[in-house]
Every structure is written in C-alpha cells, then in structure tokens.
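Here are some notes on the structure, for reading alongside the coordinates.

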Amino acid sequence: MLVLMQIKQFFSDHHRLVSFIAGSLIGGLVFVKVFGLLVLNPTNVGWLLNGNDLAQHYLGWAFYQQSPVSFPLGSIGNLAYPLPMSIVFLDSIPLLAIPLKLLTSWVQTPIQYFGIWGLVSFGLQGGIAALIVSRWTKNQLVTSLAGLIIVMSPIMLARMFVHTALGGQWILLLGLLVALEARLDLRKIPKSSGSPPKSELLFNAVTDASASLPLDKRTFKSAEGKPGVSEVLRKSSRHWRLTVAVSVWTMVLVLSSMIHPYFTLMIGVLYLTWLILQPISWVKKLLSLIIAISIVAISFWIIGGFMVKNVEGTGLGNFSYTLISFIDSAGWSRFLQPMGTKPEGMGYAGLGVIMLTVVSSMILAFQSKETAKLLNWRNILASIPLIGLMIFALGPVIKMGSQDLWAYSVPGMVEGIWSIFRATGRMAWVHYYLVTFSAIWVICRRLRYPMVILVLFISAGVLQTIDISGSAQWLNKSSQIKERSMIKDLPIVSEEWDQISKNRQHIIYLGKLVDPQYFTEVSSVALKYHLTLNTGYFARTPSDMIQTGIDSAIASLEEGNAQIDTIYMTRDQGLTDSLTGVRGLKITKVDSYWVITNIANIAPEKQNL
C-alpha cells in the first residue's frame, strides 16, 4: 500500500507525467519504425523462426503452453523429457509466460507475445529515461530528446533483434530511477511547540497520513503538551522510508529475475551501491541486502530457476566487454567502421551519446573545484561494486577489440561461478547507462544557459538518430524482421507425420539440437502432435544427462528394443545404416530426417502428459 501511495504521489507532478508519456510514445514509434506492425499480431509466429535465438524463445513458450501446470510454476514437462527443465532456461520471459499460460491453455492456435513485449519495452525505455531526466530540467523538449537518445541505444536495439528478454533494458533504467528517488538523507524537523512551516513537512507516502488530521494534531506538541503526530513521524520516518525503499528495490529485483537473470545481477550491484550511499548503520545495510536476496531467491525458485543443476557456461572470456567497446560501432554506425568487438561485447554508445559525454567531460574539467567535492569517502566506497562489475564485464581476457592484450587465470571455483554469467560483456550495460545519464545530468545542472542546453540535446538527438538508423545492422536486421513477419505460421509439417505419430507420445532425437533451424523443424512436429521431446536448444543445457539418455536409446535400438510409443529421429545416416537390418525396427526418411519406429506400431492411446 505504501509503495502504491508513493507511485501515486510520484506521478502527481504534471511535468513528470507528461515526460513519461512523451518518452513512451517516442519509444513506441521507434519500435514500429524498426519492426513494423505485423509482429504485434499474437498469431504471427513466423518472424520468430529466423534461425537464431528468437526461435529458442518462442519454441520454449510453445512447449510450455502445452505442458501441464505444475510446480515450480515455470517447469516444462514436455521438453528435455524426462529431465527437469524450466522456461527460465529458454529466455522466454517468465514474467509474461507464466500468467499467459494460465490464460491461454485452452487456445489451440500458436500465439506469441514477443512483439508486444518489444513495443512495451521500447515505450518504457523512452518513458523511464524521460522521467529520470525530468528530475534535472523542466524543459519538456529536452526530456523528450533524452528519451529518444536512450531508445536509440545500440545495446538495446541489438538485443531486441536476437534476445527479446534482454531487450527489456527498461528494468535497468527503473533501477537507476529507484536509486535516485529512494533517498534516506531526510531533513531534520526542528523540535518546537508550534506548527512547522509547510516546506518542512515530509510530503511522502508515510508522512502524508498526518495531513488529514486537524492542524493542532499535526504539530510537534499537541495542546495537551504530549507528542504530536509529526513528533512521532520525525523519529520513525527514516525507518519507514527504509522499509518502503527496500520493498521497492526487492520488487525491481524480483521483476528482473522474471525477465532475465543477467538483469538481476546488474540491478543487485546498483542496489548494493545505493545501500552503501545511505546514512544508515552497516547492520541495517547488511540486513536490507539479506532480505532482498532471500526474497529474490525464493521467487526465482518458484519459477523454476534452480531446476537445472549444471548452469555453468563455456567460453568464459570469449563474450567479454573490451577496452574500446564504447566507441567500437560493431556495425551499428553510419559513419564509424567496426573495430573487431564481438556482438556480446558490443557497447557502442552512438555519436550523439559520445558527443554529450565529451561536452560533459569538458564542463567537469572547467569546474574542477565543484567536481572535486564529489570525491568523498562515501562515493569512493560506493564505486567499489561498480568497479567490480566492470572487472567482471572485462572477463579474464582483456581485449582491445578483437585483439587479446592480457589474460589471467582464476581458481577453478571462481571460474565456475563466473561462467554462470559467461556473456560477461553484458554487465557493462550498467556503466553505459550510468555514463550516459551522468553526461545528461552534468549538462542540465552545470550549464547555466538554457538555450545552449537545448541546442546540445537537439544536436545529440539528431546525430544519434542519423548515426544508428543509417547503420548496416539497423537496415539489415529491420528488413529481415519485416520480411519474416510476412510468414505467419510454423514450418509446414509433412502429412507423412500423421501416420507416424499415431498413438505415439514421445520424440527422441538422436543427436544435439543446438542449431536453431533443426530445433525449429523437430519442435514443429512435436508441437503439432503434442509429443514430448528429449532435447532442445537451451540457454543452459544439462548436456551430460541428455547425452546419457541418447546413448541409452541408441543401445536399445541396436538390440531391437525400440519403445513402441516413441519416434526416434536423426540426421546421422551412418547411425541409420548401422541399424538397418535390426529386427523390429522400421526406418524411413521424412523431410530431411531419418525416422525410426517400432514396426509393431500398436501403442496404446496417448495419455495426457
């Protein structure tokens, strides 16, 4: 209730509300420009099956939709069967998948929500960015232009084309907004016998409760000489504000865990930084941290985040941020050539942001005395988590574009934990937004000439838009998405499968399905006939357990013991040649796959899985 009151009060400011609406509209328009309108059709799934990770996200949702409701809520009973698997490990945005499963379990037509998620994410990206900037300027045009600049961030645009969950970077902006709004350094209210001036009343979700009382009841001393309401609030307001702030931070962390775990780590670092800056005891800071971590861990367990035991990734150091990622276009600039940074390490800011960063750096240099005041012990201490996150982002192999400069080793246990977030370059997104908003803050608050500020933001907005929208990546990916959006359905499944799938319950694919194209084709058969599938293309794969199951299935086939309710599929002709002549097996080729079944084909009627 307190959180809702705080939100209501927050938007009571007309300027903030208009800024949010304007920024959201700009974000929505940019999305439509890039992706078109066809992707918003819930029945249009063809644009997601483009041979990359988008297919993984959609197919994970499709299997999840067909799977029976069970606990944990994100568990998928018909994929990686019979092993435990969760929607979390297909990056299918549990925040939307779980409630939509309950609402659409009766729908037979394939549906998707990723287009609408993209539109909402672009809108929130622009809206929250404008909200943040509205704290520093009342110029509506400046806040709108700032929203446009942030929406045109390549790190967000690039993700929405490939990893829709990671395109929801508005959650990072929300974390920054909370960090700015949830301040505990309250002004002390003087103890006196009279009514405090209106400017000294604490108008927030807690203290506003006293506003409905008679004036004499709101004084620091009541007519009877006993402590008034404000006297009590003076002593307890910091406690309540801490409670509200930790509650909001915890909500943001829980939301992030239901979008993508990478966001949770990033926002966790922002939360830790915020805690260090607050004027409360270290005991309260530690307790606030433990409470938030515990609640997030419980919520992550509820959605199935701990179902897959082996979550370590491979390739640590290959997907890291580089020393020039901020200025390396990686194909996202009309003017600058790529300098070798890989996609996962891409952190190009755009020429508009680079211009603002250079200008703000010059302002700070000319105002060195005021800048030096920021270098106090608390700010230095608070920077430690952010420095640690940047070291994490750079990884154990320090790079300059594609060139390795220096590599160092870490203990095996540390490497194992680090590998859970192997795409370390993503962690630098926090620093990208911090640098960008810091540049905007310096220009809005340190420059004294409104017209100069306006000209700077107009120039930056135009430059950022021209630079990014004219890039090869923007043009190629946008055209591909719009072309794919004309194909509305899943791949056509041959009619031969009608007979093959009769009375079958399972598909065992005798190999790896790490190629999104093959995963899409095999999954299309499984989804059409409501069959389980033993493997798949996952963010984190229980590879050893899946391979053990495949080896066991091959051994059974070699002995002629094919399960009567199972379809075995493979693209390995050598394997099928070795099985030719084995009694009891029927081997046929359908589409580009070898299909092996029990020749009897007298399986009982399918049961609900």
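1. Buried means under 20% relative accessible area, exposed means over 50%, and partly exposed covers the range in between. The model is predicted. At 23% relative accessibility, Glu181 therefore counts as partly exposed.

2. The structure holds 5 salt bridges. In one of them the side chains of Arg16 and Glu181 meet, at 2.8 Å from N to O. Arg16 lies in helix H2 (residues 14-35) and Glu181 in helix H8 (residues 170-181), so this pair ties together parts 165 residues apart in sequence. Arg16 is buried, with a relative accessible area of 15%.

3. Glu181 also forms a salt bridge with Arg135, where the closest N and O atoms are 2.6 Å apart. Arg135 sits in the loop between helix H5 (114-133) and helix H6 (140-151), 46 residues from Glu181 in helix H8. With 24% relative accessibility, Arg135 counts as partly exposed.

4. Glu344 and Arg426 form another salt bridge, with the closest N and O atoms 3.0 Å apart. Glu344 is in the loop between helix H11 (282-302) and helix H12 (351-366), and Arg426 is in the loop between helix H15 (412-420) and helix H16 (429-446); the two are 82 residues apart. Both Glu344 and Arg426 are buried.

5. How do helices H3 and H7 meet, and at roughly what angle do their axes cross? The axes of H3 (residues 53-66) and H7 (residues 154-162) come within 7 Å and cross at roughly 60°, which makes H3 oblique to H7. Asp53, Leu54 and His57 in H3 meet Met160, Phe161 and Val162 in H7. The residues of this contact divide into 4 nonpolar, 1 polar and 1 charged.

Methods:
Residues numbered from 1 in each chain as written. Predicted model: local features only at pLDDT ≥ 70, side-chain atom pairs only at ≥ 80, totals over all residues. Heavy atoms only, no water. Axes fitted to C-alpha atoms, helices over the stretch in contact; angles between N-to-C directions. Helix = DSSP H or I, 4+ residues; strand = E, 2+ residues; numbered from the N terminus. Parallel < 35°, antiparallel > 145°, perpendicular 65-115°, else oblique. Contact = heavy atoms within 4.5 Å. Nonpolar A, V, L, I, M, F, W, Y, C, P; charged D, E, K, R; others polar. Salt bridge = Lys/Arg side-chain N within 4 Å of Asp/Glu carboxyl O. Buried < 20%, exposed > 50% of the residue type's maximum accessible area, 1.4 Å probe, protein only.
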